[in-house]
Amino acid sequence: MLTYRFKDNLIYRLHPLTQMVFVSVVFVLALIFSHPVYLLGLLISVWAVILAAGSLKEWKSYIRFSLLMAALIVLINVFFSRAGSTIIYQGPGLPLIGSLEVSLEAIAYGLGMSLRLLVIISIFCFYSCAIDPDKALRLFSRMGGKSVLAITLSARLFPLMIKDFRRITEIQRCRGVNLSSGSWWERARNSIPIISIMLLSSLERSMQLAESMYARGYGSGPRSCYERYFWRPRDRFIIVLTMIALLTGIWSAWQGWSSFSYYPVLQPIEHPEVIGAIIIASVLLLPAILNWGWMKWPALKSRI
Amino acid sequence: MAGIKIQDLNYCYPETIKPALNRINLEVSEGQLLIITGNSGSGKSTLLRAISGLIPAFYNGNLTGKIYLNGIDTAQIDRRQMVQEVGMVFQNPESQLVMMNVEQEIAFGLENLGLPAQIIKRRIMEISSSLGISSYLGHNVSELSGGQKQKVALAAVLAMHPGILLLDEPTSQLDPVAAEELLNVIRRLNEDHGTTVIMIEQRLERCCHLADRILVMENGVISADIKTGNRAGVMWPPRVSVTYLPPLPGLFARAGFQELPLTVKQGRQMIKAILAAGIKPDLSLGDFGDLSGKPGEALLEITDLWYSYPNSTDEVLKNLSLTVKEGDFIAIMGENGAGKTTLLKNLNGLLRPRRGKVFLDGQDTREMAVEELAPSIAYLSQDPNDFLFMPTVREEIAFTLKNLNLQEDGYSETMLYKFKLDTYTNCNPRDLSTGERQRVALASVLASKPRLLLLDEPTRGLDYQLKEELGRLLEEINRQGTTVVMVTHDVDFAAEYARDICLMFDGEVIELGDKYKVLQHATFYSPQVARLFHKIADNVINVADGVVVLQELTHSIRQDAVSFW
């Protein structure tokens, strides 16, 4: 939630609704598809959009962690899956597992699942880097007034509490509270003063906040909603094309193209599936393409 | 027609018997700028909340009497209407902002009123241009400085177009520059838009020249209602304590004057008038010589200290060398970002020098943990609430001793007595007033009998009386052998109590020396009293000096008159 930093490009300047629709469509498609070609297509387009948004650095740190996870998935699958028929390695017998059999299908299945994981992690990375949490929240504020306000308030108070925590820790250390040595348990016990001060101060602060809200008429009647996000042609393009991607995805799933059977032998990859994947991937590439054009041609900037 | 009219107002907070407001009668005409002052607990904030309707609506409690806004009883006005008549800005900028983003914050109140987006947009545009906050309209609130936050809070209230603006010590958490800026905005509102302003302020020197009227409150009653206006000074009723007065009029009051100047300009005119009437005596006080007394051993030695924060290339401290001798009382002054607080944290081990060394008694502090330094170096920061969490004052003080593995030897009892806390030993420190809380925090860090006391902005949010009490306490502690180093923006406080002044600028020590030498001919960093006697009398920088000179002046006039007759 705290990773959002504004960057000046088209992706960051999209209407929050467009951003949210893009994220949710990619997420839903990643869940629908198990076909590696579709997943690969999704990964490429999400990657391109992240690249266009200038969030590659953050993405890399996410990916480093998820590659580890992916390796783990592949390994576990290889060890425990017995369904594959193309054995490429016959190992010695191991306790509990039995004899080690590595099949091509099991590796492929692990890789396919990792691909899905990468797509989901990537879209999550895009969500947390490129979408202003405040804006995203306000999208829903029309629906649930109070709960959205509560979330906004906590988002506002969070950095404040981190500051409080640092300051109070420093002060209590100067009073001889030892937080740098001793066992885990001792340190936890020694941090009780800090936690209780934060609690007391937060209670006092929440009372003052409530007073300030009351003094500005909160709860005096129905509220209106002010937002100042512009709806531009680019938002329309992207939403329409994202919807096309979603419909194509659903249609592919309807046709049974989007699923893939790994066992007992890998299913052959056929033309209609590849075409479907290419359509979805290229349609979802639109934000990245628009961003590129937006940077390249000043004339386009004002048109879209 | 009066803007506000209050008739026989009494109020008790829930579950209390003692009235917080006692038979208040007050009329404020439209467009007045009124300042309310008085000790904490005198009912100032309560009065403001009663006018705004927060009392009794938000606080409950028992209210009798009437308040009229433009002739209409406030009890008859519905809340939505009320918040558009009366706007209220609170003391602490952190705890009155609700949204994450500045623009949304300003919109918040307008949304609460159910105004259409088009009008909200228009109001945001107007208010942000007129308060000069357009440049950070899209910013997150957490990125702003204290002064900017307070301006946003003001904008959020003004966007609702209140005819009456109430402010509860709006500048108390701000540094002098930011406070000045905010007060200018408030004055402009009052002058250009005719907004009625009622403001609680402890530091009258910042704002009393702006006021049309000053109210003094004591124990829930208005004890003085002073008209300012265009005369040379104000008439201060002799029965009202002079502790509410800023240094300048306080000086004249203590010297026995009836009419008190509010600004240095007025004060100088008064002195010039007296001088013109009689012969000019030699007013300069003698050179006090070296006030630092016994030279003392070096307690803390800082050599070639450099510091920059991690993840930043800015050098906050640059090649700083400084020696603090045993028994010193040094005030460190300088603008925001000069590195004052960073320096303090390098002294008590919270930060480690990047280059250079800090020696405590000849021992390199880089080899000592914060916890090891804690028994010798005590640290009091701005907000006493950051210290207090124990259920009683006694336990709060015992907590420090326990942490530092020290034995209770009866010292804390004498300290409680000295700090006038002996009657509160079994009270919860959080239930005490601001000044008392600060004294508990101070007592709790002094319990270990440290050799060095570091203070960061100790006078922030304190009224004159509390400042004076704190100053005397620090003098006493210092006299008993504790070395004191304090960071402060408060020139008058430094001139009054410190012995040496250290001026910092951009990470360097620009000057360190006796306060008379440093402050006397300063321009920005010069106390009001020094400015008053500039080129009239030398070596006068604090109230005590000023009283001597003023009395000598009036005395010489009287003698002059006697010899004439």
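In the predicted model, B:L215 has B:D225 of β10(B) as its bridge partner. The strands involved, β9 (residues 213-218) of chain B and β10(B), are antiparallel and pair over 6 bridges. A salt bridge also involves B:D225, with B:R213 as its partner. The closest N and O atoms of this pair are 2.7 Å apart. Over all chains, the structure holds 32 salt bridges.

Strands β9 and β10 belong to an open sheet of 6 strands in chain B. The order is β6-β7-β8-β3-β9-β10, and the pairing is mixed. At the edges stand β6 (86-89) and β10 (221-227) of chain B. Each has a single partner strand, so one side of each is left without a neighbour in the sheet. From one strand to the next, the twist averages 20 degrees.

Helix α1 (residues 44-52) of chain B packs on this sheet. Its contacts are with β3 (33-38), β6, β7 (164-168), β8 (196-200) and β9 of chain B. The direction of helix α1 makes about 150 degrees with that of β7(B). Helix α7 (residues 176-193) of chain B lies across β3, β7 and β8 of chain B. Helix α7 runs at about 150 degrees to β8(B).

Chain B also meets chain A. The contact involves 63 residues of chain B and 52 residues of chain A. The size of an interface is often given as the accessible area lost when the parts come together. Here, the area buried between chain B and chain A is about 5,300 Å². Carbon and sulfur atoms give 55% of that area. In chain B, the residues that lose the most area to chain A are B:R79, B:M100 and B:D386. Together they account for 14% of what that side buries.

Between chain B and chain A, 9 salt bridges are found. One of them joins B:R49 to A:E211, with the closest N and O atoms 2.5 Å apart. Polar contacts between chain B and chain A number 28 residue pairs, with both residues at pLDDT 80 or more. Helix α4 (residues 102-112) of chain B contributes 9 residues, the largest share of the side of chain B that touches chain A. By residue class, that side divides into 34 nonpolar, 14 polar and 15 charged residues.

Technical notes:
Residues numbered from 1 in each chain as written. Chains lettered and ligands numbered in written order. Predicted model: local features only at pLDDT ≥ 70, side-chain atom pairs only at ≥ 80, totals over all residues. Heavy atoms only, no water. Pairing = 2+ DSSP bridges. Helix = DSSP H or I, 4+ residues; strand = E, 2+ residues; numbered from the N terminus. Axes fitted to C-alpha atoms, helices over the stretch in contact; angles between N-to-C directions. Contact = heavy atoms within 4.5 Å. Buried area = accessible area lost by both parts, 1.4 Å probe. Salt bridge = Lys/Arg side-chain N within 4 Å of Asp/Glu carboxyl O. Polar contact = N/O pair within 3.5 Å; in protein donor to acceptor, adjacent residues only side chain to side chain. Nonpolar A, V, L, I, M, F, W, Y, C, P; charged D, E, K, R; others polar.
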